[in-house]
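These are my notebook entries on a structure that was new to me. I set down what I looked up, entry by entry.

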Amino acid sequence: MSWVCIIILCLVWFNVYLMASIAIQLTRQLIVNNKERVILFITLFSLYFIYMLCMDFTAFFIAYALFLFIISYNSYIQKNKFSIGIFAAVFFCLAFVSSIKYLKFNDIKERSNRYVIAQKLQSSDDPKVINSIESLGNGISNDLFITDYFKSPGSNRHLALQNYIIKTFLDGYLAPFEHNFYEFNASDSTLAVREDRSLQHYQNLVKSGSVKISNFFYRLNDTFGYQNYFGIIPIFDDNHILGTLVIELKSQQYNYNSQFPEILIDGKLKNDEDYSNYSFAFYNNNKLIKQAGKYTYKIANTEFKGIYGEPVIVNEPKLGYSHLIYSASNSKIIVISKEKVNYIVRLAALSFFFLMFIIFSAGLYMLIWLLKNIDRSWGGWFNINRSLMINANKILYKTRIQLSIVLSVVATLLIVGWSTFFYIRDEYRKQQEDFIREKIRKVQLSYEKQIFSTGIPEATDMAVINFNQFADINSAYLNLFDTDGNLLFTSLPKMYDYGIIGTKMEPKAYIYLKQLQRSEYSNPHETIGEFKYSSAYAPIRNAQNQTVAYIGLPYYGNEADYQSKIGLFINTLINIYALVFVAIGILAVFLANQITSPLTFIQESIKKTKLGQKNQPIVWSRHDEIGSLIKEYNKMISALEESAVKLAKSERESAWREMAKQVAHEIKNPLTPLKLGVQLLEKSWKEKDPNFEQKFERFYRSFVEQIDSLATIASEFSNFAKMPDTKLEKLKLIPIIEQTRDVFVNTKNVEIYISNLTNKEVLIQGDKDQMLRSFNNLMKNAIEAANLKDKCMIFIKITNDSDYVWVEVEDNGKGIDAELQPKIFVPNFTTKSSGTGLGLAFVKQAVENAGGTIDFKSVEDTGTTFYLSFPLVQE
């Protein structure tokens, strides 16, 4: 999977997330609570689950449902707050779906590939091979060297003819085929000393039904699991037949590429016939006729049953193999086996996608942050760095712990992995060097024994054959050089015929062995262009212990073997590290929560701490740093309570002193006119004033008014003194406001309007009596602030959301002077000529007791609006 595909996948899932979030936001318009939403979700999920059971059950829809549930939970419950746990769960769902889909796609693709291979194996002819065979027949029939050979044949020229044909014609797609050559004269008699084949034998094969594939070549029709071709090529000279050349071509095993140097393999051939990951079995009449690969098949087929022309997949869980059975005919079965993907690889795919989604999300977040925060007025990297530092300081302590754990483990894994990689790399190189040294020593001893009595042979065709046989016995490519470094024999002549390598011995090897008289030399870094390989050289000594030649052993598969092993190691390491990284991420979240849970507990306890009430100490059983912190906190709240008691006592004394002054002042105001009135009334009575009754009547009325004023003052002070006796309960706010309106609705020149814009029943936690008196005070103040010339208009507007209710009380009175507005809620402060100034102080205290807030906005000669808010109580 390329990086472009990964980015496209991330963008697709991001769009799915956005669409799901938008859909969930649209569902907020439905008038249902969270409990009803859960019931609806479970119902729809159950119905779809039953439907999937009846149709084609897959686990994907469960992952999708979990994905939607997590997003809904984050939206409805968490209010879209950032949570590592939420996003980790979302990424896990997406990674689970992506990994399963990816592995399933690869499995389907691999099975299709196996089916194509099976069809290719049972197919008689490969078009590329047929074209090469046709070119081979046409080339030989028109070749002058071969015509000259048949003009004057000889047993000593047979090897020359064979080498010429191999070098000239048998390359490319024909290189992997085994070959044999048989020459016959015009009388159909053999030209070589070989009696195992006759021309009549091949003519009989043609008559028996061999399939003609070109002008000269035929295919045996009874082969299975391999291709066997033979060509009968007549050689003419001016329309006069000189003889007949018969060529046999038989395909090799399917892993033949591994025996050939990569530099000599046709690129198309190598790519088309890469069967290294598969095992093969060919059964004819349920008897094993050929097998290849790691898997061990039974000699007699009792397990694999196929359907003619159709692939059948059979799994073998115990050995972890998957078999594709293809019936080529009623009696012939091809079995292609492959190891199944193990669970570590599946988990690694899950971990890989999980990490990719995390990296993509982090990159997307950084991009969005940059677009939001970087503008043209920043003026350089200093301000960018400053902004980054400010945002870094906002990272939670829990997140810092998680990042620290993850980064520490990742750094450790990288160091260990890097060190392990270099160690394994060096060990592989040492193993390869030891292998080639051991190999060259064995070859050296074997060849010295072979030439012990005869010495180095002359460069004849038979000597070439013998040297090739010696190389085959030792399963190696070999080169033999004379004492001057010139090539004598090679088991791979194409390397020299094509001019890929010069015929001289490698210079450093020659210097080490010839000049420095070393017993052996190895070079692990020989190159042919960009192709790398290793080689080893050793001297060949005769019976007199004299160096008579140098033998070289090139190991062309060295680099491919090294890359294969290192690639396997890196792939395994990445898979393991991906799993470890995800596990460490989960562990980091768990540990961070465990570490910060005491801090969260302390935070909640501190939130509950209030001045002036009994605060419970925190109980902590461990004697650690958190225990020391809690111990100091408990000491602090104990000292705080003592200070609060003293402060409250001082405040009460100060408040009562101020209250006493205010009460004395308020009482003194009506007592002074009362005293003067009594003294004047006494004087009039003693002097027998004829107007005494009229004066007495006026004094009586004034006396009653002043007594009522004193009663009002006493009542207001009494109500304010009762404020601490708050009894909180669930209240319906709307009826309280309506009840208050009913008290003042009949007042002359007063109109009160209530605009109820709430969408549900409004419940708050408060004291009913205090709420009534608060709205009474607000409406009374609004009426008293009205202009005498205008009608008093009071507008009450009530709105709400899911958490709060807001009440606006607006009047059209005289307003409040801007200089006096900061003191409006201060006890004893009043803008009226009479009154205690406790009304709005009482309202503020009552609203705050209910957990609410109060504020106002006033414009002189326009009116005043009070804004009250209360937290809603959920039903």
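**Entry 1. Helices H6 and H7**

How are H6 and H7 oriented to each other, roughly parallel or roughly antiparallel? I noted at the outset that the model is predicted. I looked up the axes of helix H6 (residues 144-151) and helix H7 (residues 158-168) and found that they cross at roughly 165° and come within 11 Å. Angles over 145 degrees count as roughly antiparallel, and H6 and H7 are therefore roughly antiparallel to each other. I recorded their crossing as left-handed. On the H6 side, the contact is made by Phe 145, Ile 146 and Tyr 149; on the H7 side, by His 158, Ala 160, Leu 161, Tyr 164 and Ile 165.

**Entry 2. The protein as a whole**

I then turned to the overall figures. The protein has 875 residues, of which buried residues make up 36%. I listed 21 helices and 22 strands. Among contacts in the protein with a separation of 6 or more, 62% join residues 24 or more positions apart.

I also looked up the confidence of the prediction. The average pLDDT of the protein is 80, and 86% of the residues score at least 70. Over residues 255-259, pLDDT stays under 50, and the model has seven contacts beyond four places in sequence for this stretch.

**Entry 3. Helices H3 and H4**

At what angle do the axes of H3 and H4 cross? I found roughly 160° for helix H3 (residues 60-76) and helix H4 (residues 84-122), whose axes come within 10 Å. H3 and H4 are therefore roughly antiparallel to each other, and their crossing is left-handed.

I wrote out the residues that meet. H3 brings Phe 60, Ala 63, Tyr 64, Leu 66, Phe 67, Ile 70, Tyr 73 and Asn 74, while H4 brings Ile 86, Ala 89, Val 90, Cys 93, Leu 94, Phe 96, Val 97, Ile 100 and Lys 101. The contact of H3 with H4 divides by class into 15 nonpolar residues, one polar and one charged.

**Entry 4. Helices H19 and H20**

I next looked up helix H19 (residues 733-744) and helix H20 (residues 768-784), which pack with their axes 9 Å apart at an angle of about 45°. H19 and H20 are therefore oblique to each other. I recorded the crossing in which H19 passes H20 as right-handed.

From H19, I listed Leu 733, Ile 736, Ile 737, Gln 739, Thr 740, Arg 741 and Phe 744; they meet Lys 768, Met 771, Leu 772, Phe 775, Asn 776, Met 779, Lys 780 and Ile 783 in H20. The contact of H19 with H20 has nine nonpolar residues, three polar and three charged.

**Entry 5. The loop between H13 and S11**

I looked up Asn 474 and found its place in the loop between helix H13 (461-473) and strand S11 (479-481). Is Asn 474 buried or exposed? Its relative accessibility is 15%, and buried means under 20%, so Asn 474 counts as buried. Leaving aside residues up to four places away in sequence, Asn 474 touches Lys 439, Val 443 and Ser 446.

Ser 475 lies in the loop between H13 and S11 as well. I found Ser 475 to be exposed, with a relative accessible area of 62%. Phi of Ser 475 is near 50°, which is a positive value in a residue other than glycine.

**Entry 6. Two further loop residues**

Where is Asp 238 found? I located Asp 238 in the loop between strand S4 (228-237) and strand S5 (240-250). Asp 238 has a positive phi of about 55° although it is not a glycine. With 72% relative accessibility, Asp 238 counts as exposed.

Last, I looked up Gly 209, which lies in the loop between helix H8 (199-207) and strand S2 (211-212). A relative accessible area of 30% makes Gly 209 partly exposed. From C-alpha to C-alpha, I noted 7.9 Å between Gly 209 and Leu 220, which are 11 residues apart in sequence.

Definitions and conventions. Residues are numbered from 1 along each chain as its sequence is written. This is a predicted model: local features need pLDDT of at least 70, side-chain atom pairs count only at pLDDT 80 or more; totals for chains, interfaces and linings use all residues. Side-chain values use heavy atoms; hydrogens and water are left out. Axes are lines fitted to C-alpha atoms, for helices over the stretch in contact, and angles run from 0 to 180 degrees between N-to-C directions. Helices (H or I, at least four residues) and strands (E, at least two) are DSSP runs, numbered from the N terminus. Angles under 35 degrees count as roughly parallel, over 145 as roughly antiparallel, 65 to 115 as roughly perpendicular and the rest as oblique. A crossing is left-handed if the near helix is turned anticlockwise from the far one by less than a right angle, and right-handed if clockwise. Contact means heavy atoms within 4.5 Å. Ala, Val, Leu, Ile, Met, Phe, Trp, Tyr, Cys and Pro count as nonpolar, Asp, Glu, Lys and Arg as charged, and the others, Gly among them, as polar. pLDDT is the predictor's confidence in each residue, from 0 to 100. Buried means under 20% relative accessible area, exposed over 50%, partly exposed in between (1.4 Å probe, protein chains only).
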